[in-house]
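Thanks for coming. I will go through one structure today, part by part, and keep it brief.

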Amino acid sequence: MTLIPGITIRSATEDDAAAIELLGDTAFGMHTGPEHGDMIRHVFPTAEAIVAVDNGSIIGHIRSTTMTLTVPDERTVEVCGIAGVSVAPTHRRRGILRAMYTEQHRRTEAAGLPLTIFTVSQGAIYGRFGYGPTIRENAVTIDRRFGEFLPSTPDPGGGTLRTVTDAADSVRAIYDRWRRLVPGAQERPNARWDMMFADPVPFRGGGTNLFAFVHPDGYALYRYHHREYGKTAVVAEMRTVTADAHAALWRALFGLELCTHIEAVLTDNDPLPYLLTDLRLVRTTSRHDGLWLRLMDVPAALNARSYRRDLDVVFAVTDPFRDASGTFALRVRDGIADCTPTDRTADIELGIDVLGSMYLGAYPARVFAAANRLRAKDSGQLRAIDEAFGAERDAELGWFF
Ligand SMILES: CC(C)(COP(=O)(O)OP(=O)(O)OC[C@H]1O[C@@H](n2cnc3c(N)ncnc32)[C@H](O)[C@@H]1OP(=O)(O)O)[C@@H](O)C(=O)NCCC(=O)NCCS
């Protein structure tokens, strides 16, 4: 297919693997290596990737796979997950990303998947394609030496020290319980688990091998790093299904006496600060929008999740990229949605990127209204939408892709 004169957009083949790897390493400034490359090809089959070709050379690439995503409240939906978006520095700003995206989204629509998700590396590009940030992540640093738990903090015990290899089965089982509860979390493919437990040196970021604390209802995987301020335990992944597991694992991490600091990534409402006598010890060092989401089919996507209160609202949705725009009536009763195209006058006007941000419940409509990105007829309707779209648990990404 030729969307730009001289450039062919086509499906990748196994013969393209080395050129795709070189392009990706160049675009992202990294060295993939054989183990990571194999994992990527297992999770994202090469035959489903799209490449852009100029005179026989691969100069653009996108890969995708179908993922099982949890949406509010504890429902799952099959979605398209996109990764590895790259265009050669020799060919930038000629519309090659746009051409590949056009083809990618045509395929996703043809497959009937209602949502596309993507962990984007730049914030200014993807709104024009109908994506909005949909998860909030807070990187925190804690000076462990001053950490003291409040008398009200549970001390349930139950955590054990395990090697990552010994912990693997428990970790996988707990993750699977956790991801079914948490909007934004995905089922994790075997190849991605194998990669995590193999813990290859190039992906340790200069830290030690992974260590594990396991509780019957949670786990914490962490590694030690030498920072300028002292030895630091960096939590690579912590998943807890119960509040007791959360408290028990944080108590274990605070028990790492020769570490001066602990680093972790928390959602907005993680209870950690409120377990401590000094909540300011949990110091946010940066905030990130861990996942972006696009509705491919507005009624199918809105019907796929459930809602926390009854609602009757008409949305006018604009889509600058595909033809998913239109006016839709969303009627919710007892959490179940019935969304259909309508001729009625809209109560709310918004872009499809804004609806993407609202979808997992982490970004309220009222904030977009204040930013003039959403127009509501009355503020009562806005409150009702925020109550209905809110989720029981903070949205969180299961695994990075
Ligand atoms: C980001 C990247 C894929 C863009 O590829 P490209 O072929 O140059 O993009 P295009 O020319 O098709 O641009 C598409 C649109 O995005 C805009 N755009 C592209 N890069 C942008 C940037 N860095 N910041 C803001 N806008 C950008 C273009 O202006 C264009 O807008 P328009 O179509 O509305 O006029 C490429 O620069 C790249 O590979 N970067 C390094 C790796 C990376 O960041 N990948 C993204 C992973 S999330």
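This is a predicted model: local features need pLDDT of at least 70, side-chain atom pairs count only at pLDDT 80 or more; totals for chains, interfaces and linings use all residues.

The partner is Asp 155: the two form a salt bridge, with 3.6 Å between the closest N and O atoms. Asp 155 sits in the loop between strand S7 (137-143) and strand S8 (160-162), while Arg 251 belongs to helix H6 (residues 243-254), so the pair links distant parts of the chain, 96 residues apart. How accessible is Asp 155, buried or exposed? Its relative accessibility is 57%, and Asp 155 therefore counts as exposed. Side chains of opposite charge can pair when their charged atoms come close.

How many salt bridges does a search of the whole structure find? The count is 26. I will show two others.

In one of them, Asp 217 and Arg 177 meet through their side chains, at 2.8 Å from N to O. This pair also links distant parts of the chain, with Asp 217 in the loop between strand S9 (211-215) and S10, and Arg 177 in helix H4, 40 residues apart. Arg 177 has a relative accessible area of 37%, so Arg 177 is partly exposed.

Next is the salt bridge between the side chains of Glu 263 and Arg 227, at 2.7 Å from N to O. Because Glu 263 lies in strand S12 (residues 261-266) and Arg 227 in strand S10, the pair ties together parts that are 36 residues apart in sequence.

Now the domains. The protein chain is divided into domain 1 (7-113), domain 2 (137-287) and domain 3 (298-389). Between domain 2 and domain 3, the C-alpha centres are 35 Å apart.

On to the nonpolar cores. The largest nonpolar core has 73 residues, and those touching the most other members are Leu 115, Leu 302, Phe 315, Leu 330, Tyr 359 and Phe 389. Which helix gives the largest share of this core? Helix H4 (residues 164-179) does, with seven residues. Take Phe 389 as a case: leaving out residues up to four places away in sequence, Phe 389 touches Leu 302, Arg 305, Tyr 307, Leu 311, Phe 315, Leu 330, Leu 355, Met 358 and Gly 361. A second core, separate and of 32 residues, has Leu 23, Cys 80, Leu 97 and Ala 99 among its members.

Leu 23 comes up again with Ser 86. Ser 86 is part of strand S4 (residues 75-87) and, at 3% relative accessibility, counts as buried. Apart from neighbours within four places in sequence, the contacts of Ser 86 are Leu 23, Gly 24, Ala 27, Phe 28, Ile 59, Gly 60, His 61 and Met 100.

Together with Met 30 and Phe 203, Phe 28 makes a nonpolar surface patch of about 260 Å². Met 30 lies in the loop between helix H1 (17-28) and helix H2 (33-43). With a relative accessible area of 35%, Met 30 is partly exposed.

Helix H5 (residues 190-198) has these buried residues: Ala 191, Arg 192, Trp 193, Met 195, Met 196 and Phe 197. What covers them? The cover includes H2, H4, S10 and strand S11 (230-240). After H5 comes Asp 199, with a positive phi near 50 degrees.

Last, a residue from S10. Ala 220 is in strand S10 (residues 218-227) and is buried, its relative accessible area being 0%. Outside four places in sequence, Ala 220 is in contact with Phe 211, Ala 212, Phe 213, Glu 237, Met 238, Leu 249 and Leu 253. Ala 220 and Asp 15 are 205 residues apart along the chain, and their C-alpha atoms are separated by 40 Å.

That is the end of the walk-through.

How values were computed. Residues are numbered from 1 along each chain as its sequence is written. Side-chain values use heavy atoms; hydrogens and water are left out. Helices (H or I, at least four residues) and strands (E, at least two) are DSSP runs, numbered from the N terminus. Buried means under 20% relative accessible area, exposed over 50%, partly exposed in between (1.4 Å probe, protein chains only). Contact means heavy atoms within 4.5 Å. Patches are made of residues with over 30% relative accessible area and no salt bridge: like charges are joined within 9 Å, nonpolar side chains (Val, Leu, Ile, Met, Phe, Trp, Tyr) within 5 Å. Accessible areas come from the Shrake-Rupley method with a 1.4 Å probe; for residues, only the protein chains shown count as cover. A salt bridge is a side-chain nitrogen of Lys or Arg within 4 Å of a carboxyl oxygen of Asp or Glu. A nonpolar core is a set of buried Ala, Val, Leu, Ile, Met, Phe, Trp, Tyr and Cys residues joined through side-chain atoms within 4.5 Å. Domain bounds come from an automatic or database domain assignment.
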